[in-house]
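Me: I am new to this structure and would be grateful for a close look at a single part of it. Please describe how that part is put together and what surrounds it.

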Amino acid sequence: MVDAETDRDPDLAVIEAGSRTLRTQSGPPQGDAVPARPEDPEVDRALREVETELAGRWGETKLDPSLVRVEALMDILGQPQRAYPAIHITGTNGKTSTARMIEALLGAFDLRTGRYTSPHVQSVTERISLDGAPIAAERFIETYQDIKPYVEMVDEREEHRMSFFEVITSMAFAAFADAPVDVAVVEVGMGGTWDATNVVDGTVAVVTPISLDHTDRLGSTPGDIATEKAGIVKSGATVVLAQQPVDAAQVLLKHSVEVDATVAREGMEFGVVAREVAVGGQLLTLRGLGGEYEELFLPLYGAHQAHNAAVALAAVEAFFGIGSQHARPLDIDVVRRAFASVTSPGRLEVVRSSPTVVLDAAHNPAGARVTADGITEAFGFSRLIGVVGTSADKDVRGLLEAFEPIFAEVVVTRNSTPRAMDVDELAGLAVEVFGAERVQVEPRLDDALEAAITLAEEESEYSGAGVLVTGSVITVGEARLLLGRR
């Protein structure tokens, strides 16, 4: 049967009684997931100039809770975000993987897709994808140059200049309209209500699992955070809810009632029926809104990815009207091809063997816990060495505590960004969690990788040893480059 909803509260029935629910009434994208730098030196120079100009704006972590600037730009550009239907995704963990699965499914059904996700692993161009592949550097540059005069107009009018995230979000909407795409898959940057992406009206809104992250901006409980994230659920939309903490579910369902949204809940209307570990990933049986889908191979590791797959499938079914207008399932062969094509760089991604080195972008305690479970289930290492580099504004102690049971030793380091936690401060927390004898400090990431690989190789009895690099998307992206992945 479908996995039961966790920590459900009888009081939720009161809210659910007021909302509609989705119940059944009776070529996959190809291309490099992470682009390399342009080979043409002139294109590379032009891209670096754009990156420098974008970096000169407010960063993604400096926020002004207002849509005024991005709405003003959309008006000047002729509302490009309304040129296509959209699936809008929020949540704390799993957004990007879910977006990639949704994109793969839509593409497999011959729809032209645009996908907007953040942050990027290696190249800023990853954030904007067309037909399942990152936008070409030349097109990225052209899109920026096209909207730049209008961005400057908004800059002159408003109290604050447009931020990095507002500009690149606007670039995505413009690129999708220019393509044109049949459907856009849009991931929020942070929160929901005041996120720059929220100028789009998603016909389907997706909420992946909510947990504590960005608590200084979004709230200190899952319920508080859900209040902000619920803002992407618009009047008359369909909302697809992953399993949620009770207080978050209450907020989301109440908001759905208020805006007359149709609700599909994991564990109720859809979910994971069965899963088993397979070579290179896992084999799933999912129950969607239109029926059961068996023998789906997903080339990603971890139970959390199975749940992301269930959410993605339900979102695409809802987009096609299944569960409300139609009772039939999607073509099973197309669904199988789509899931088998999914990639998610930096999410339990194997980038080297002998010893095996795995990358995972977990950056908060909830993400770390599912990563720890996933790597334990899928790899069975006899000895696992961690390489951890985090941002300073995260719950780093909680992340380290989640990894402590599975790391024999941990090498603490830092990535190259100003947001990175000071390596000595990180080391102090690691010593408190792991004990001094299990902690090694390497301020440079390349030295940290070398040290961890050496630790994994140092004794022949540990022939099943591995390395997990984690703590930040930036750390994972830089490690990916250092390990020769392009």
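Reply: Two residues are said to be in contact, or to touch, when heavy atoms of theirs lie within 4.5 Å. The model discussed here is predicted. With residues up to four places away in sequence not counted, Val206 touches Ile87, His88, Ile89, Thr90, Thr98, Ile102, Ile232, Val240, Val311 and Ala315.

Val206 also belongs to the largest nonpolar core, which holds 43 residues. Together with Ile102, Val240, Leu286 and Phe339, Val206 is among the residues that touch the most other members of this core. At least two core residues come from each of several elements: strands E2 (86–90), E6 (183–187), E7 (204–207), E11 and E12, and helices H4 (95–108), H10 and H11 (332–340). The largest share, 11 residues, is supplied by H10. A further core, of 42 residues, lies apart from this one and includes Leu54, Ala72, Ala86 and Val154.

H10 spans residues 303–319 and lies across E10, E11 and E12, at about 40 degrees to E11. These 3 strands form an open sheet in the order E10-E11-E12, with antiparallel pairing. Strand E10 (271–278) and strand E12 (292–298) are its edges, each pairing on one side only. On average, and ignoring direction, neighbouring strands of the sheet are turned by 15 degrees against each other. Strand E11 (residues 281–287) is joined to E12 by 5 bridges, and Leu284 has Leu296 of E12 as its bridge partner.

Methods
Residues numbered from 1 in each chain as written. Predicted model: local features only at pLDDT ≥ 70, side-chain atom pairs only at ≥ 80, totals over all residues. Heavy atoms only, no water. Pairing = 2+ DSSP bridges. Helix = DSSP H or I, 4+ residues; strand = E, 2+ residues; numbered from the N terminus. Axes fitted to C-alpha atoms, helices over the stretch in contact; angles between N-to-C directions. Core = buried A, V, L, I, M, F, W, Y, C linked by side-chain atoms within 4.5 Å. Buried < 20%, exposed > 50% of the residue type's maximum accessible area, 1.4 Å probe, protein only.
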